[in-house]
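Please go through the labels used for this structure and say what each one rests on.

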Amino acid sequence: MLHEFRLDIGDDHERLALVLEASAGLYDPIALLEGEREAHRLLYSNLDAEQQAIYDELRAAGVLG
């Protein structure tokens with residue numbers, strides 16, 4: 001038995017367009033990425049020897065990027 005399947009993405013596109021329009025100038029993906037990189041740098045700076053060894057192990061294992 002076949003069933004009819006319909007997918008209407010018109011509303012989703014309109015909603016996304018409205019969200020992007022409303023947030024114009026407020027959302028800066030480059031600044032967001034730079035902030036994430038700076039937070040990562042600060043989080044893993046000034047580690048003591050034991051912390052650095054654990055960090056290095058986790059990076060080598062692919063747990064941390």
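Q: What makes the contact of Arg6 with Glu4 a salt bridge?
A: In this predicted model, the closest N and O atoms of Arg6 and Glu4 are 2.3 Å apart. The cut-off is 4 Å between a side-chain nitrogen of Lys or Arg and a carboxyl oxygen of Asp or Glu, so the pair qualifies. Both Arg6 and Glu4 are exposed.

Q: How many salt bridges does this rule give?
A: The count is three. Besides the pair of Arg6 and Glu4, there is one between Asp12 and Arg15, at 2.8 Å from N to O, and one between Glu38 and Arg41, at 2.7 Å from N to O.

Q: Where do Asp12 and Arg15 lie?
A: Both are in helix α1, three residues apart, or about one turn of the helix.

Q: Why are Glu38 and Arg41 said to be separated by about one helical turn?
A: Because they are three residues apart in helix α2.

Q: Why is Glu38 called partly exposed?
A: Its relative accessibility is 36%. Partly exposed covers the range between under 20% (buried) and over 50% (exposed), so the label follows. Arg41, at 47%, gets this label too, as does Asp12, at 43%.

Q: Why is Phe5 called exposed?
A: Phe5 has a relative accessible area of 70%, and exposed means over 50%, so the label holds. Phe5 lies in the segment before α1 (10-22). With Leu7 and Ile9, Phe5 forms a nonpolar patch on the surface, with about 380 Å² of accessible area together.

Q: Why is the pair of Tyr44 and Tyr55 called tilted?
A: By the rule for aromatic rings, there is one pair. The ring centres of Tyr44 and Tyr55 are 4.7 Å apart and the planes stand at 35°. Centres must lie within 6.5 Å; planes under 30 degrees apart are stacked and over 60 edge-to-face, so the remaining label is tilted. The pair links distant parts of the chain, with Tyr44 in the loop between α2 (29-43) and α3 (49-60) and Tyr55 in helix α3, eleven residues apart.

Q: Is Tyr55 buried or exposed?
A: Tyr55 has 12% relative accessibility and counts as buried, since buried means under 20%. Tyr44, at 25%, counts as partly exposed.

Q: How do you know that the span of α3 agrees with its twelve residues?
A: At 1.5 Å a residue, α3 should span 16 Å, and its end C-alpha atoms are 16 Å apart, so the values agree.

Q: What is found at the start of α3, and what follows α3?
A: At the start, a side-chain oxygen of Asp48 reaches to within 3.2 Å of the backbone nitrogen of Glu50. Gly62 follows α3, with a positive phi near 85°.

How values were computed: Residues numbered from 1 in each chain as written. Predicted model: local features only at pLDDT ≥ 70, side-chain atom pairs only at ≥ 80, totals over all residues. Heavy atoms only, no water. Patch = residues over 30% accessible without salt bridge, like charges linked within 9 Å, V, L, I, M, F, W, Y side chains within 5 Å. Areas by Shrake-Rupley, 256 points an atom, 1.4 Å probe, with all protein chains shown as cover. Helix = DSSP H or I, 4+ residues; strand = E, 2+ residues; numbered from the N terminus. Buried < 20%, exposed > 50% of the residue type's maximum accessible area, 1.4 Å probe, protein only. Phe/Tyr/Trp six-rings, centres within 6.5 Å; stacked < 30°, edge-to-face > 60°. Expected span 1.5 Å × (residues − 1). Polar contact = N/O pair within 3.5 Å; in protein donor to acceptor, adjacent residues only side chain to side chain.
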